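Hello,

Here is the structure we talked about. Please open it alongside this note; what I found follows below.

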Amino acid sequence: MQKNLKILLLAISILLLLTGCMSKAQKKAIYNKAVPIALQYMKDNFNADVIFSDKYEFLDPMSSTIVLYGHMSEDKDATFDIMIDHKTFETSQVGGSSKVMDRRVKLDKKRTTEDTKK
């Protein structure tokens, strides 16, 4: 009985160590640091002003990623999510509705056209 209890406590301890156990305050601090980075990324890469919801999630322990959710300020149906590594604060991926993703394609084509004219 005592051996089983020790094994159970050891397993719980290992699980807690692997999951990272961040407090709500730590998660909120990371969120507050990630939002301005994501705002600038969306402005630079999608030429869009966006609004982030208070909803976010951490993909720990699989990766050190925070996922932010939002929409374009002029269109609530143009939703997206953006993944940011919360250790380096680099954007890794953006996904969303076609209203958002089409803006990136158009902006990329415009840049490519301007580059070839030079």
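**Aromatic pairs and the sheet**

Searching the whole structure, which is a predicted model, turns up 3 aromatic pairs. Start with Tyr31 and Tyr56. Their ring centres are 4.5 Å apart and their planes meet at 20°. Planes under 30 degrees apart count as stacked, so this pair is stacked. Tyr31 belongs to helix α2 and Tyr56 to strand β1, so the pair ties together parts 25 residues apart in sequence.

Tyr56 also pairs with Phe58, this time edge-to-face. Here the centres are 6.0 Å apart, with 80° between the planes.

Tyr56 is partly exposed, at 23%.

One more ring to look at: Lys55 lies over the face of Tyr69, 4.6 Å from the ring centre.

Now the sheet. It is open, has 4 strands in the order β1-β2-β3-β4, and pairs antiparallel. β1 (50–58) and β4 (91–96) are the edge strands; each has a single partner, so one side of each lacks a neighbour in the sheet. From one strand to the next, the twist averages 25°.

β3 (residues 75–85) pairs with β4 over 5 bridges, in the antiparallel sense. Phe80 stands opposite Gly96 in β4. Helix α2 (residues 24–46) packs on this sheet and touches β1, β2 (65–72), β3 and β4. Its direction makes about 135° with that of β1.

Best wishes

Methods:
Residues numbered from 1 in each chain as written. Predicted model: local features only at pLDDT ≥ 70, side-chain atom pairs only at ≥ 80, totals over all residues. Heavy atoms only, no water. Pairing = 2+ DSSP bridges. Helix = DSSP H or I, 4+ residues; strand = E, 2+ residues; numbered from the N terminus. Axes fitted to C-alpha atoms, helices over the stretch in contact; angles between N-to-C directions. Contact = heavy atoms within 4.5 Å. Phe/Tyr/Trp six-rings, centres within 6.5 Å; stacked < 30°, edge-to-face > 60°. Buried < 20%, exposed > 50% of the residue type's maximum accessible area, 1.4 Å probe, protein only. Lys NZ or Arg CZ within 6 Å of the ring centre and 35° of its normal.
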